[in-house]
Amino acid sequence: MIQLETGFCVVGGGIAGVCAALAAARRGAKVVLVQDRSVLGGNASSEVRMHIVGASCSGRRPGARESGIIEELRVEDAVRNPHRSPHLFDLLLYDKIVSEPNITLLLDTSFVNCRVAGGRVESIRAVRPNTADDFLITAPYYADCSGDSHLGVAAGATWRMGREARDEFHEPHGQESADTKVLGSTILFMASRKDRPVPFRAPAWARKFTEKDLSLRSHREWEYGYWWAEWGGELDTVHGNPRIRHELLRIALGVWDHIKNDCPRAADDPTAAYEKWMDGEAPPRTSEGPENWSLDWVGMLPGKRESRRILGHHVLTENDVVSGRLFDDAVGYGGWWIDVHPPAGIDAVHEYPTAQIEVAYLYSIPLRSLISRDIVNLFLAGRNISATHLAFASTRVMATCGVMGQAIGTAAAHAAAVPLCDMTAAQHIRAIQQMLAEDDAFLLQPPAPRDLARESRITASSEAAGYSCAHIASAFTRATSPALHPSLPDSPNQWRSTALPAWIELRWPAAVAIREIDLIFDTGFERELTLSMSDAYTAKMIRAPQPETVSHYKLTANRAVIAEVTDSFQRLCRHKFQQPLLTDHLRLDVLATHGVPEARVFAVRVR
Ligand SMILES: Cc1cc2nc3c(=O)[nH]c(=O)nc-3n(C[C@H](O)[C@H](O)[C@H](O)COP(=O)(O)OP(=O)(O)OC[C@H]3O[C@@H](n4cnc5c(N)ncnc54)[C@H](O)[C@@H]3O)c2cc1C
């Protein structure tokens, strides 16, 4: 038995778990990340290949993109992986995790059980069969990011699975009575065009589909499989997973067989279904047939949407989501519509594969929904948070899962520094919100930043109309408007020069001691950015450094250059100093960008 002691143990290395581990480690906590597969990323990994979306609703809500760790991952992937290899995304996550000295990564290692005493998880056991290793991991705090709530259920936390009755939480779209049905799972595939015909013969066990069966499910694009090829929502998606996998393979191969060999109108699908999910942007109609298209990859791991959810101190509901509720203990936000599917999935032939309930504004996610109500040291992030089925149908998208992961990682790091604190107490919430805002997480009601820039006189070489240099000390670090949430000001919250090179200078009446300078640049939140295997969705993005972003800058204090970066592409650029830097002025020179002819800076934070 290998014994490990750590400050924070994260079970599950999907997007939620990765962001939780990174946030905690970067805030100084020792972290063990337990992931049962050989790659990180969960449904976003090369094993499933689902694209990460979030509050921007695939382009329908420009400006709402998640900042913080999830943005760092998306931007870096676009720069390092312009050609959209799903394997390079796995490697990017691996690189990020192994580059943090505070993280011990256990791949191919499954959580199996835990010891609980006095309402706390004391230790967990995990096994790595391929090395015949058995781990006993002890930590003051744990996170269940396994998607299926494996840790929470084993710890005896209250959980539920299925759809609530309308009356329980007074949810307008709730159903008459509760049931155990959930959203189904999907196996995706990838295909590509070749220069000669490629025949396809399905195995005898594949399903057969007629055009009638798929009349509400557009199959006009062939390079990337179909999220609607969904099944298993009427089964127990935890214990029934092997059966679901086989059925999903039968479905994926059956759909491809239909496209290749049976579809009477594959080249010009007349259904309007597609426009419903791609923001009205139908792909160009083509006379090309599927003859030259070959099936290149079929997932073997069901992409799982829904299973068990742990109950926390607050259960997020449809009303919270739809009303854009602002919680005092908000540590994240969401914005994806409430995206419910028929549990029968592809077998619900006469139903559209999704029924979207409008979410007009961003809503906040309280920390109380991310802590088990029964197990005091158990955090939650991702699919298994404390939400009703309807609220979950919005929070489940991976950028929102990443936001929650960053939130609980930050909370765990705070808790590790203040042992046994009641995390729901106001002073701790404020401290966590402050840390999150400093690390570029977006909160709808951000705390006033701890920022010496606010005490300085700020001048700039030039200012584009409406883009005052004073904006760099705002608590908001993105363009805000009441369209995102009625409480938000209508402001670009950005300094923008009229030309390049450009400078901005901060002057204090007396010398200040600077330990850290954070620069927040523009990475084009008005545009979509994520790794997608869909060509139509990718057409909305730039797979390279974002043109708005500063590429070359220089920081000067006391008439000396204290930092110069020539190949920058990230939004948050942090400069830390071993010894406090004493100065009464600080200047940022922006010398070049990746495209735009002016400097665009959201914040110069000085601590
Ligand atoms: C077909 C499909 C389409 C979807 N469409 C989108 C979309 O377009 N965009 C979007 O953002 N979201 C989409 N979603 C939702 C999204 O993929 C999930 O909600 C999301 O993956 C949840 O992230 P997570 O980190 O909570 O869980 P997961 O991605 O499931 O990650 C959980 C991780 O925990 C690991 N794990 C599980 N059990 C153990 C254990 N015992 N020990 C150790 N590790 C364990 C797993 O290997 C996995 O890596 C879709 C989902 C599906 C299935």
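**Domain arrangement, ligand shell and helix packing**

The domain assignment divides the chain into domain 1 (2-160 + 311-438), domain 2 (185-298) and domain 3 (452-606). Domain bounds of this kind come from an automatic or database assignment. The model is predicted; local features need pLDDT of at least 70, side-chain atom pairs count only at pLDDT 80 or more, and totals for chains, interfaces and linings use all residues. Residue numbers start from 1 along each chain as its sequence is written.

The centres of domain 1 and domain 2, taken over C-alpha atoms, are separated by 30 Å. Their contact takes 17 residues from domain 1 and 16 residues from domain 2. Contact requires that the C-beta atoms of two residues, placed from the backbone, lie within 7 Å. On the side of domain 1 that touches domain 2, eight residues are nonpolar, five polar and four charged. Here Ala, Val, Leu, Ile, Met, Phe, Trp, Tyr, Cys and Pro count as nonpolar, Asp, Glu, Lys and Arg as charged, and the others, Gly among them, as polar.

The ligand is surrounded by 37 residues. The closest are Gly12, Gly14, Gly42, Gly303 and Gly382. Two or more residues of the shell come from each of α1 (15-26), β5 (110-117), β10 (185-186) and α10. Helices (H or I, at least four residues) and strands (E, at least two) are DSSP runs, numbered from the N terminus. The shell holds 14 nonpolar, 16 polar and seven charged residues. Domain 1 and domain 2 both give residues to this shell, so the ligand lies between them.

Helix α10 (residues 398-417) packs on helix α11 (residues 426-438) at an angle of about 120 degrees, with the axes 9 Å apart. Axes are lines fitted to C-alpha atoms, for helices over the stretch in contact, and angles run from 0 to 180 degrees between N-to-C directions. The two helices, α10 and α11, are therefore oblique to each other. Angles under 35 degrees count as roughly parallel, over 145 as roughly antiparallel, 65 to 115 as roughly perpendicular and the rest as oblique. The crossing of α10 and α11 is right-handed. A crossing is right-handed if the near helix is turned clockwise from the far one by less than a right angle, and left-handed if anticlockwise. Gln406, Ala407, Thr410, Ala411 and His414 of α10 meet His428, Ala431, Ile432, Met435 and Leu436 of α11. Six of these contact residues are nonpolar, four are polar and none is charged.

Helix α3 (residues 86-98) crosses α2 at roughly 130 degrees, and the axes come within 10 Å. This makes α2 oblique to α3. Again, α2 passes α3 in a right-handed crossing. Leu73, Glu76, Asp77 and Arg80 of α2 contact Leu88, Phe89 and Leu92 of α3. Four of the residues are nonpolar, none is polar and three are charged.

Two backbone features stand apart. Most residues other than glycine have a negative phi, and most peptide bonds are trans. Serine 58, not a glycine, has a positive phi of about 55 degrees. Serine 58 sits in the loop between β3 (31-34) and α2 (69-80). The peptide bond from leucine 500 to proline 501 is cis, with omega near -5 degrees. Proline 501 lies in the loop between β21 (495-496) and β22 (502-521).

Methods. Near = placed C-beta within 6 Å.
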